[in-house]
Amino acid sequence: MLDQFSRTQLIFGKPAMERLAASRVAVFGIGGVGGYTVEALARSGVGALDLIDDDRVCLTNLNRQIFATRKTIGQYKVDVAAARIGEIAPDIAVHTYKTFFTPETAGAFDFSAYDYLVDAIDTVSGKIALAECAQRAGTPIISSMGAGNKVDPTAFQVADIYETSVCPLARVMRHELRKRGVKHLKVVYSQEKPIPPLEDEEISCRYHCVCPPGTVRKCAERRQVPGSNAFVPSVVGLIIAGEVVKDLTRFDPSRRQ
């Protein structure tokens, strides 16, 4: 029977679509990268999505985040994302958590309940904790490395964390994960060297904060506010979604089921 996922089924086949519909994916971080991942997973037929992010939509998110519009400024990102998913595929089970993921908040989640984890968060401590939790639970995970201060969307590739190079974030992650005994971590990363953001006080969040009322971690408190654009985070998010879908369906283009 024809439905909204019929075009996807023409590529992956019916058994694969049934696996997607039975899958539960948790996306940690619903920003520039995570937002596009969520959008693509919803449009691909994933049956349940858990959205984890305590941030609200800000004016400066409009240049790159798919859920950010003038109407959604000030709203929680997970609420906006859930509403949009409902308009795309109302049968998807959506669970939202207004939680800033850290090693301290990791205990609030049962990682064994998920079929896949997506790490699209910004902090190194959170990314490390998520990788450790995934390994203990035996749950597949894919992690986004640095997407800020970059302009070449064609440079991103999928690799194990221990096969990465150039990316400063990946270098830190390799070092810390090795110390903690995490043997593997699938990542999306780029060998493009980050471009130092311009120091311009007239447009700096550090001096002209426009974060919505109630924002806990404001840009002014960051060591550096990274530059961003519309075409790099989106590509990273879509690459991640593609890997999740292919892994969940066990897709083999040479032998489609």
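Cysteine 133 has a relative accessibility of 7% and therefore counts as buried. Cysteine 167, at 1% relative accessibility, is likewise classed as buried. The structure is a predicted model, and the number of disulfides found in it is zero.

**Helix packing**

| Helix pair | Axis separation | Angle | Handedness |
|---|---|---|---|
| H3 (residues 32-44) and H4 (residues 77-88) | 10 Å | about 25 degrees | right-handed |
| H2 (residues 14-21) and H7 (residues 232-249) | within 9 Å | roughly 110 degrees | right-handed |
| H5 (residues 124-137) and H6 (168-179) | within 11 Å | roughly 50 degrees | right-handed |

For the pair H3 and H4, the angle of about 25 degrees lies in the class under 35 degrees, so the two helices are roughly parallel to each other. On the H3 side the contact involves Val38, Glu39, Ala42 and Arg43, and these meet Arg84, Ile85 and Ile88 of H4. Sorted by class, the contact of H3 with H4 holds four nonpolar and three charged residues, with no polar residue.

The axes of H2 and H7 cross at roughly 110 degrees. This angle falls in the range 65 to 115 degrees, and H2 and H7 are therefore roughly perpendicular to each other. Ala16, Arg19 and Leu20 of H2 meet Val245, Leu248 and Thr249 of H7. The contact of H2 with H7 comprises four nonpolar residues, one polar residue and one charged residue.

For H5 and H6 the axes cross at roughly 50 degrees, which makes H5 oblique to H6. H5 contributes Val124, Lys127, Ile128 and Ala131 to the contact, while H6 contributes Leu169, Val172, Met173, Glu176 and Leu177. By class, the residues of this contact divide into seven nonpolar and two charged, with no polar residue.

**Residues with positive phi**

Asparagine 149 is not a glycine, yet its phi is positive, at about 60 degrees. The residue belongs to the loop between strand E5 (141-144) and strand E6 (156-160). Because its relative accessible area is 12%, asparagine 149 is classed as buried.

Valine 166 also has a positive phi without being a glycine, and the value is about 75 degrees. Its position is in the loop between E6 and helix H6. With a relative accessible area of 37%, valine 166 is partly exposed.

Threonine 99 lies in the loop between strand E3 (93-97) and strand E4 (116-119). Its relative accessible area is 21%, so threonine 99 counts as partly exposed; the cut-off for a buried residue is under 20%.

Leaving aside residues up to four places away in sequence, threonine 99 touches Ile52, Asp53, Asp54, Thr105 and Phe109. A separation of 23 Å lies between the C-alpha atoms of threonine 99 and leucine 177, which are 78 residues apart along the chain. Leucine 177 is also one of the H6 residues in the contact with H5.

Terms used. Residues are numbered from 1 along each chain as its sequence is written. This is a predicted model: local features need pLDDT of at least 70, side-chain atom pairs count only at pLDDT 80 or more; totals for chains, interfaces and linings use all residues. Side-chain values use heavy atoms; hydrogens and water are left out. Axes are lines fitted to C-alpha atoms, for helices over the stretch in contact, and angles run from 0 to 180 degrees between N-to-C directions. Helices (H or I, at least four residues) and strands (E, at least two) are DSSP runs, numbered from the N terminus. Angles under 35 degrees count as roughly parallel, over 145 as roughly antiparallel, 65 to 115 as roughly perpendicular and the rest as oblique. A crossing is left-handed if the near helix is turned anticlockwise from the far one by less than a right angle, and right-handed if clockwise. Contact means heavy atoms within 4.5 Å. Ala, Val, Leu, Ile, Met, Phe, Trp, Tyr, Cys and Pro count as nonpolar, Asp, Glu, Lys and Arg as charged, and the others, Gly among them, as polar. A disulfide is a pair of cysteine sulfur atoms within 2.5 Å. Buried means under 20% relative accessible area, exposed over 50%, partly exposed in between (1.4 Å probe, protein chains only).
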